[in-house]
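Dear colleague,

I am handing over the structure that we talked about, and I would ask you to keep it open while you read the notes that follow it.

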Amino acid sequence: MKRYVNLREITVKEPLKVDTEFGEKLLDLPAEEVVRATPFSLHVEIHKRAVGYNVRGQIKGTVTLRCSRCDREYQEKIDGSFSFDLLPTSEITEGQIKHGELDVKFSDEDVVDLADVVREQIFLNLPVKPLCGEKCELEDYKEWNGEEKDERWSKLKQLKEKLDRKEK
Ligand SMILES: [Zn+2]
């Protein structure tokens, strides 16, 4: 299992290609967001550029999340590809900060921790509002409709009672 990559060992002619896997412990995901996680596979390629590097690849795995609506645990498959440029901090220009480019990262470190890359990509792929499925929303919708129906029934009942009283 390869975790640390030394960027200095990568040449223009020879990009680095790594296939590896990280278990839940190494990924260190916050329990309040991710209940459990299967090991995540990572395929990553790092290409040296005239300035900096391009990092691209794919992560795959499954996380157990808590549904934001019914609070049940459910599994969400994560299969995401990514690509970003890694540039030295000397390349930071005002424009880039202003526009907040997501596909550019700045770092002067020679070593990249691949577990960090996977952790970050998992976060980017997590749903903003976890839902156990479309059904969960539908159940809610039915309940809501049911309440309205009940109200109508009770109004009809009241009307019938009034009529009954008049007949007496
Ligand atoms: Zn749900």
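A place to begin is Glu32, which sits in the loop that runs from α1 (24–27) to β3 (36–37). Please keep in mind throughout that this is a predicted model. Is Glu32 buried or exposed? Glu32 has 7 C-beta neighbours inside 10 Å, and because a residue with 12 or fewer is classed as exposed, Glu32 counts as exposed. Although Glu32 and Leu65 are 33 residues apart in sequence, their C-alpha atoms are 9.1 Å apart in space.

Leu65 leads us to strand β5, which spans residues 53–66 and has one covered and one uncovered face. Leu65 belongs to the covered face, together with Tyr53, Val55, Gly57, Ile59, Gly61 and Val63, whereas the uncovered face is made up of Asn54, Arg56, Gln58, Lys60, Thr62, Thr64 and Arg66.

The next thing to look at is which strands β5 pairs with. With β3, the pairing is antiparallel and comprises 2 bridges, and here you can find Arg36 opposite Thr64 of β5. With β4, which covers residues 40–48, β5 again pairs in the antiparallel sense, over 8 bridges, and Leu42 is the residue that stands opposite Ile59 in β5. These two strands, β4 and β5, form a hairpin with 4 residues between them, and in its turn Gly52 has a positive phi of about 75°.

Strand β6 takes in residues 73–87, and its antiparallel pairing with β5 extends over 14 bridges.

Stepping back to the protein chain as a whole, you will find 4 helices and 8 strands, arranged along the sequence in the pattern β-β-α-β-β-β-β-α-β-β-α-α. How many of its residues are buried, as a percentage? The chain has 168 residues, of which 12% count as buried. Finally, among the contacts with a separation of 6 or more, 57% are between residues 24 or more positions apart.

Key. Residues are numbered from 1 along each chain as its sequence is written. This is a predicted model: local features need pLDDT of at least 70, side-chain atom pairs count only at pLDDT 80 or more; totals for chains, interfaces and linings use all residues. A residue is buried if 20 or more other C-beta atoms lie within 10 Å of its own, exposed if 12 or fewer, and partly exposed in between; C-beta atoms are placed from the backbone. Two residues are in contact if their C-beta atoms, placed from the backbone, lie within 7 Å. Two strands pair if DSSP finds at least two bridges between them.
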